[in-house]
Amino acid sequence: MCGICGIIGESRHGAVVSMVKALRHRGPDDFGIHVETGAAFGMTRLAILDLSPGGHQPMLSHDGNVLIIYNGELYNFKEERTILEGRGHSFRSQSDTEVVLAMYLEYGDAFLSRMRGMFALGIYDKRPGTGRERLLLARDQFGIKPLLYHLANSRLVFASEMKAILASGLVPKNFNPDALPFLLVKGSIPQPLSAITGVTMLPPAHYLVMQNGCCNTKRYWSFGIDRVPGLRGASFQEQVAAVRQRLEESVRLQMVSDVPVGAFLSGGVDSSLMVAMMARLSDHRVKTFSVGFGPEGSAMDETDDARRTAQFVGSDHTRVEIGGSDVRDRISHIAASLDQPTVDGVNSYLVSLAVSRHVKVAISGTGGDELFAGYPWFLNVLRAARAGDRDLALRYASEYLIFDLQPALSLLSDETQRNFDADRFMHDTVRLPDELPEADPIERVSVLCLRGYTQNQLLRDIDAASMAHSLEVRVPFLDIPLLDTALSLPLAAKLNPDTDQLDPYAATYRQTGVKRALIEIGRSILPPDMDVQPKRGFGMPFATWLKGPLREVMEDTLSPTAVAGRGLFSVQGVSRVRDEFLAGRGGWPQLWIPMMTELWCRELLDQ
């Protein structure tokens with residue numbers, strides 16, 4: 001796992017050095033810089049596979065004409081290496097980076113369709129001759145690993161994080177006002193937008209080619225249903241067996257590492273299932289970690305469930321207790337580490353801090369809810385569809401809101417409101433993520449969620465928060481063969497079709513049938529009665545903290561002077577939201593977003 005960066009169109013050694021320094025937290029084990037006429041590349045390395053110098057980057061082909069910088073893990077690299085060796089390729093290391101480079105040399109751009117893993121990469125190909133050099137940037141299918149770029153005239157600047165983009169000194173530090181309505185309504189900034197004007201996130205499952213001064217972006221993979229023939233009509237036990245086989249395969253592949261691998265264990269179904277499978281596949285006790293709270297957050301504390309699972313599967317378990325003072329003491333670093341404003345990420349930051357003291361790689365259960373209808377909104381949208389609501393994408397978009405649109409706009413400064421583009425907002429939040437418009441409601445919502453909440457908030461925050469502590473987080477549920485299996489299952493394998501009278505926020509897994517296939521897999525490897533609990537999201541006592549240990553931070557960042565000086569939000573609007581919260585009439589997320597936006601601006605734009 002690494003941080004990567006580069007500049008095409010100019011030879012900027014000093015700029016790349018600054019970019020690499022801004023990425024050292026992503027890879028403290030090694031770094032490399034390569035500069036030549038019209039191009040400069042850098043990387044920082046977190047050594048996970050092949051700890052020897054053989055994995056050093058930037059890495060060149062045998063003839064020196066093709067260069068790669070690679071951030072990620074290719075889980076099928078051993079199989080691909082065997083195929084390539086059969087075709088005459090030789091290797092100097094045990095690194096998956098060298099395999100990816102050889103795949104490009106063998107298959108051209110089609111190598112991306114063979115990639116099974118998480119990655120963001122850059123390949124610089126000089127084979128056509130001077131003046132026709134070719135840069136390829138690519139990102140994994142789910143968007144697990146980030147990649148941003150800024151294009152101005154014929155110069156392209158790219159990096160794993162915004163901090164490195166800005167450290168180049170080649171990109172103006174202007175907050176993107178177009179991002180604010182999305183941030184206030186959804187809690188995150190939808191890709192390909194970013195928090196800085198002119199900086200774009202390369203979309204998941206896409207690659208960018210720059211050649212002869214021109215850039216083109218293409219898609220190399222798309223979602224689809226029924227890619228596992230016959231599974232939809234098979235018996236339930238056959239469907240469960242297919243899911244189990246793919247899930248076990250994904251966990252086994254993602255445990256491959258030359259350093260110890262641990263796991264996040266919340267006590268919920270998905271992380272518990274991951275840990276149980278890891279325990280069966282490992283030849284030693286798996287290290288697991290959960291987050292708990294003191295008296296201020298005791299109502300949200302689920303660590304008893306995590307401890308019960310850990311005892312059942314025999315993991316080496318650590319409970320990490322977090323208090324408001326911990327958040328207060330680190331709040332500025334949290335804001336900077338998350339790499340752009342967000343309503344989430346604090347939990348990932350703090351648990352990653354604790355886990356990184358013990359291991360360099362951790363497994364997460366992220367993705368199970370998306371693939372197997374775990375979130376309450378699956379039931380809500382299904383009911384709406386059955387009742388005749390034809391605009392399912394709009395119905396889904398209304399399920400998870402920080403502010404409704406009009407209250408969100410009232411919180412913005414006058415200038416930001418004047419420039420608001422309602423059509424773009426609707427397209428980016430409602431239409432763009434709807435990639436399977438002809439599919440059944442549950443499959444459609446899976447993709448809406450993966451292309452919205454999951455990629456823009458969960459994965460983005462998890463990557464930034466974990467890499468801030470040099471921790472690699474792997475997500476076995478987000479594996480293409482497992483996804484294709486999930487999108488080949490009928491409704492009854494994920495939900496109880498007869499749940500119209502149940503409250504999805506209170507009913508148990510057994511009552512709703514939510515994640516039915518996963519629950520069935522867990523019956524023989526998890527503690528009894530795992531399905532008699534309701535679905536619970538991981539919460540933290542932010543409301544209590546904002547009225548206690550974080551009160552001073554809130555008052556400082558949301559003061560009229562601070563708000564007016566930044567010019568992004570309305571002084572009156574922010575004061576109103578603050579007063580409503582303190583009077584017990586408003587939620588903490590509505591304050592958290594402007595507060596974290598101000599802190600982020602101070603850390604990345606002002607310094």
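Residues are numbered from 1 along each chain as its sequence is written. In this predicted model local features need pLDDT of at least 70 and side-chain atom pairs pLDDT 80 or more, while totals for chains, interfaces and linings use all residues, and side-chain values use heavy atoms, without hydrogens and water.

Helices are DSSP runs (H or I, at least four residues), numbered from the N terminus. Helices α12 and α17 pack at about 130 degrees, with axes 10 Å apart. Contact means heavy atoms within 4.5 Å.

| Helix | Residues | Contact residues |
|---|---|---|
| α12 | 376-386 | Trp377, Phe378, Val381, Leu382, Ala385 |
| α17 | 441-467 | Pro441, Ile442, Val445, Ser446, Cys449, Tyr453 |

Of α12, 8 of the 11 residues are buried, so the helix is largely enclosed by the rest of the structure; buried means under 20% relative accessible area (1.4 Å probe, protein chains only). The buried residues, including Pro376, Asn380 and Ala384, pack against α11 (368-371), α13 (392-397), α17 and α19 (509-512). Gly388 follows α12 and has a positive phi, near 105 degrees.

A nonpolar core is a set of buried Ala, Val, Leu, Ile, Met, Phe, Trp, Tyr and Cys residues joined through side-chain atoms within 4.5 Å. In the largest, of 108 residues, Phe111, Met115, Leu121, Phe372 and Leu483 touch the most other members. Helix α17 gives the most to this core, with 10 residues. A second, separate core has 87 residues, among them Leu148 and Ile196.

Technical notes
Axes fitted to C-alpha atoms, helices over the stretch in contact; angles between N-to-C directions. Helix = DSSP H or I, 4+ residues; strand = E, 2+ residues; numbered from the N terminus. Buried < 20%, exposed > 50% of the residue type's maximum accessible area, 1.4 Å probe, protein only.
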